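Hi,

Here is the structure I promised to pass on to you. Have a look at it first, and then read my notes below.

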Amino acid sequence: MLSLALLGLAPAPPAAPDPTGEQLARIYCAICHAYPAPDLLPKAIWKDVVLPRMGQQFGIYPADGVRASLFEPGPGGERVRAAGIFPEEATLPDELWQRICQFYLDQAPDSLLIPASGAYGKPLTQFAARLPALSLSPPSTTLIRFRPDGGLWLGDANTQRMYWLRPDLSVEKAARLAEGVVDIQPDGLGAFITLMGSFSPTDAPSGAVVYLKDQSGVGQLLLENLQRPVHSTWADFNGDGRRDAVVCEYGKWTGGLSLWLQQPDGSFSKTWLRQKPGAIKTLVRDFNNDGFPDLLALFGQGDEGIFRYINDGHGHFTEAIVLRLPPTYGSSSLRLIDVNADGREDIVYTCGDNADYRPILKPYHGIYIFTATDSSAYSPALFLPLHGAYDAIPADFDRDGDLDMAAIAFFPDFSHSPAQGFVYFENIGAGQYTPHTSDASALGRWIVMDVGDIENDGDLDIALGALTFEVIPDRGEVRRWVEGGLPALILENKLK
């Protein structure tokens with residue numbers, strides 16, 4: 001008998017198995033961000049919110065007219081159209097998309113397992129609450145910062161002003177600026193001030209950076225047409241003796257991390273270091289010890305993570321991923337500090353943004369410390385759970401030789417633990433922290449924080465900035481905050 005091979009006929013290869021929903025999710029979801037495991041969210045949120053939004057970015061819409069509704073009017077919407085965020089036609093076959101959806105709906109839990117917090121926090125006795133004379137209703141603080149000469153800077157989105165507060169917390173002066181003073185970088189003669197342009201999510205290029213001189217109070221517009229900038233860093237990045245900028249343009253669907261090199265005539269030329277939305281903060285360091293300023297950047301809004309940018313000395317940067325984080329985390333803050341006293345700076349990171357859908361408690365929200373293992377790698381070392389964590393500042397508040405932690409949460413568990421809007425973690429050694437809370441935390445909803453010495457008495461105080469935002473379910477918190485008009489709270493250290 002002649003074989004098929006001798007006749008020139010080979011048997012057909014076995015059919016490749018169809019990819020599973022999980023395999024498809026790992027392929028297609030990873031196009032935009034880290035793969036999100038189904039157990040990161042409850043089934044109802046996957047079904048009603050997240051999967052429909054994911055589908056829209058594959059050009060899959062539930063009905064005619066939905067795509068058009070996704071574009072805001074004006075230049076913001078035009079930028080989203082130009083970026084191709086929401087395709088006109090489906091870019092993924094419906095059968096594959098349905099397989100992805102079914103995988104998440106089959107595997108996601110009905111609810112997330114939230115460990116019981118119990119009586120979380122001893123009374124905060126080391127600090128005394130002080131209230132400023134300034135009353136603003138509704139409180140809309142977007143900046144709180146200790147001034148080098150004593151007192152505070154406070155930015156308010158509602159009045160579109162920045163206030164100078166004296167050490168006794170009375171108002172020294174105020175300056176009218178655009179909406180959302182979110183960052184300030186003083187340089188001895190004045191300060192670079194970042195203006196968000198719009199606190200509400202938008203892709204419109206309405207933000208700016210101005211330079212405000214201390215003595216004259218005159219503002220100079222440096223950068224404009226920015227997409228919801230939330231932070232700017234100023235340094236000479238190309239070695240020409242002129243100060244340049246890196247701006248975190250958070251945006252909404254578009255935006256990115258932009259580099260602005262100053263030209264001889266004082267103008268600035270813009271290039272993108274990373275053209276994705278969600279840039280939150282940058283820190284300048286010389287990571288490879290070559291004498292040139294490099295960057296560490298935090299991104300939220302989808303493709304969340306921490307990224308390093310190495311400078312060649314001429315303003316050209318090479319990107320490397322330091323930590324890639326799931327898109328459900330809600331990254332909120334980044335700091336570098338040597339936590340374990342080994343001579344290398346470690347990463348202090350918080351996640352807790354919870355405004356993309358009805359807020360839910362997430363067991364992975366809180367404070368993370370990643371310790372440096374060499375010049376480019378970090379290892380997870382500590383996790384302190386804190387619902388809705390927005391910032392954490394390590395410092396030796398009790399002056400016992402180790403680093404404690406001051407932390408705020410913009411989305412705490414208001415129903416059961418509202419005092420956890422501010423938590424002071426006392427370092428008791430061996431990687432253990434005792435949490436302390438205060439009844440004063442209920443006076444506001446804390447979105448920004450800073451640490452400094454307001455009266456120059458040698459110990460560290462804490463300043464909290466309040467912003468009124470919807471609470472679900474609302475048990476009267478919003479009314480109390482609006483009527484109270486408290487934009488800030490100072491926790492004065494009583495060691496001295």
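**What I found**

Let's start with Asn289, which counts as exposed because its relative accessibility is 68%. (Exposed means over 50% relative accessible area, buried means under 20%, and partly exposed is in between, with a 1.4 Å probe and protein chains only.) Asn289 sits in the loop between strand 15 (279-285) and strand 16 (294-299). Its phi is near 55 degrees, a positive value in a residue other than glycine.

Before you go further, please keep in mind that this is a predicted model, in which local features need pLDDT of at least 70 and side-chain atom pairs count only at pLDDT 80 or more, while totals for chains, interfaces and linings use all residues. Residues are numbered from 1 along each chain as its sequence is written, and side-chain values use heavy atoms, with hydrogens and water left out.

**The chain as a whole**

The chain has 6 helices and 29 strands. (These are DSSP runs numbered from the N terminus: H or I of at least four residues for helices, E of at least two for strands.) Its C-alpha trace spans about 100 × 60 × 50 Å along the principal axes. Does the radius of gyration agree or disagree with that of a compact globule? It agrees, because a compact globule of 496 residues would have a value near 23 Å and the chain has 25 Å. (The radius is taken over C-alpha atoms, and the globule rule is 2.2 Å times the number of residues to the power 0.38.)

Of the 496 residues in the chain, 53% are buried. The accessible surface comes to about 22100 Å², and carbon and sulfur atoms hold 54% of it. (Areas come from the Shrake-Rupley method with a 1.4 Å probe; for residues, only the protein chains shown count as cover.) Among the contacts with a separation of 6 or more, 50% are between residues 24 or more positions apart. (Contact means heavy atoms within 4.5 Å.)

**Loops to look at**

Gln301 also has a positive phi, about 60 degrees, although it is not a glycine. You will find Gln301 in the loop between strand 16 and strand 17 (305-311). With a relative accessible area of 28%, Gln301 is partly exposed.

Now go to the loop between strand 2 (127-130) and strand 3 (141-146), where Pro138 is found. The peptide bond from Ser137 to Pro138 is cis, with omega near -5 degrees. Leu136 is in that loop between strand 2 and strand 3 too, and Leu136 is buried at a relative accessible area of 6%. Neighbours within four places in sequence aside, Leu136 makes contact with residues including Leu154, Asp156, Tyr163 and Pro487.

The loop between strand 28 (461-466) and helix 6 (477-484) holds Pro473. A cis peptide bond joins Ile472 to Pro473, and omega there is about -10 degrees. Phe469 has its place in the loop between strand 28 and helix 6 as well; at 32% relative accessibility, Phe469 counts as partly exposed. Not counting residues up to four places away in sequence, Phe469 touches Ala355, Phe410, Phe411, Arg445, Val478 and Trp481. Phe469 and Ser140 are 329 residues apart along the chain, yet their C-alpha atoms are separated by 8.9 Å.

**Two buried residues**

Lys362 lies in the loop between strand 20 (346-351) and strand 21 (366-372). Is Lys362 buried or exposed? It counts as buried, because its relative accessibility is 2%. Beyond its neighbours within four places in sequence, Lys362 has contacts that include Leu41, Ile114, Asn354 and His387.

Trp164 belongs to strand 5 (residues 161-165) and is buried at 8% relative accessibility.

**A pocket**

What is the volume of the second largest pocket? It is about 290 Å³. The pocket is lined by 16 residues, and Pro359, Ile360, Leu361, Pro412 and Ile472 lie nearest its centre. (On a 1 Å grid over the protein atoms alone, a pocket is an open set of points where a 1.4 Å probe fits, with protein on both sides within 12 Å along at least five of seven lines; lining residues have an atom within 4 Å of a point. Points are joined across faces, edges and corners, and the volume is the space filled by probe spheres set on them.) The lining divides into 9 nonpolar, 3 polar and 4 charged residues. (Ala, Val, Leu, Ile, Met, Phe, Trp, Tyr, Cys and Pro count as nonpolar, Asp, Glu, Lys and Arg as charged, and the others, Gly among them, as polar.)

Enjoy exploring!
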